[in-house]
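Please look at the sequence and the structure before reading on.

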Amino acid sequence: MEFRGGPAEHPLSRLSWRSMSEGDLDAVTGIAAIGFPDHFEGRDCFANRLALNPGGCFVLARGADEVRGYMVAYPWRAGAAPALNTRIDAIPEDAGVIYLHDLALHPEARGGGWSRPIVERLAGEAKAAGWPALALVAVNDAAPFWERLGFTVVETPEMAAKLASYGPDARYMLRRL
């Protein structure tokens, strides 16, 4: 007698990280609204970052559709963070770090171990390109999550005023490469 079957394949098991395209921006904006309801950033902001640094923009998806997460990163000034939901005219000439602008997963994909691989990929590529560190602003009490990925909180007077616009729990964090 032949036995067929076994555990059903989970639909999220076929997800993988790929380069972001303009066609992904609506899904990215929707996931951002879920993950960061108090830190709105519109489609124009994500389109701007994709245009400035396409090599730092990724989506977690099944093939060409069904986006379930995204990450956006680009070169930026050390010890600084861009204002929320603003366009950037150009990558600063004095950029000193790779700034991890956003990493968000749809609630269906959370807890699946998807964040670490893309952060490690970003860290490896940044190190190979000669960048000394990754930087980010942790919001929504996410500092412990980022600490598990190698980031540490850096408190500076220069960042205190800027972080106020991100909320009382915002922390500037750095991961040396």
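Leaving aside neighbours within four places in sequence, Tyr99 is in contact (heavy atoms within 4.5 Å) with Val72, Ala73, Tyr74, Trp76, Ala80, Ala81, Pro82, Ala135, Leu136, Val137 and Tyr166. The model is predicted, so local features need pLDDT of at least 70 and side-chain atom pairs count only at pLDDT 80 or more, whereas totals for chains, interfaces and linings use all residues. Residues are numbered from 1 along each chain as its sequence is written, and side-chain values use heavy atoms, with hydrogens and water left out.

**Nonpolar cores**

- A nonpolar core is a set of buried Ala, Val, Leu, Ile, Met, Phe, Trp, Tyr and Cys residues joined through side-chain atoms within 4.5 Å; buried means under 20% relative accessible area (1.4 Å probe, protein chains only).
- The largest such core has 31 residues, and Met20, Tyr70, Tyr99 and Val137 have the most contacts inside it.
- Strand E3 (65-76) is among the elements that give two or more residues to this core, and the largest share, five residues, comes from E3.
- A second, separate core has 26 residues, including Leu60, Leu122, Ala138 and Ala143.

**Pocket and cavity**

- On a 1 Å grid over the protein atoms alone, a cavity is a set of points where a 1.4 Å probe fits but cannot get out, and a pocket is an open set with protein on both sides within 12 Å along at least five of seven lines; lining residues have an atom within 4 Å of a point.
- The largest pocket holds about 500 Å³ of space.
- Of its 23 lining residues, Phe36, Leu103, Val139, Ala142 and Trp146 are the closest to the centre of the pocket.
- Strand E4 (97-105) is one of the elements that give two or more residues to this lining, and the largest share, seven residues, comes from E4.
- The pocket lining divides into 15 nonpolar, five polar and three charged residues.
- One cavity of 30 Å³ or more is found in the whole structure.
- The largest cavity has a volume of about 40 Å³ and is lined by Thr29, Ala32, Ala33, Phe36, His39, Phe40 and Glu41.

**Cysteines**

- A search of the whole structure finds zero disulfides (pairs of cysteine sulfur atoms within 2.5 Å).
- Cys45 is buried, with a relative accessible area of 2%, and Cys57 is buried, with a value of 0%.

Key: Grid points are joined across faces, edges and corners, and a volume is the space filled by probe spheres set on the points. Helices (H or I, at least four residues) and strands (E, at least two) are DSSP runs, numbered from the N terminus. Ala, Val, Leu, Ile, Met, Phe, Trp, Tyr, Cys and Pro count as nonpolar, Asp, Glu, Lys and Arg as charged, and the others, Gly among them, as polar. Buried means under 20% relative accessible area, exposed over 50%, partly exposed in between (1.4 Å probe, protein chains only).
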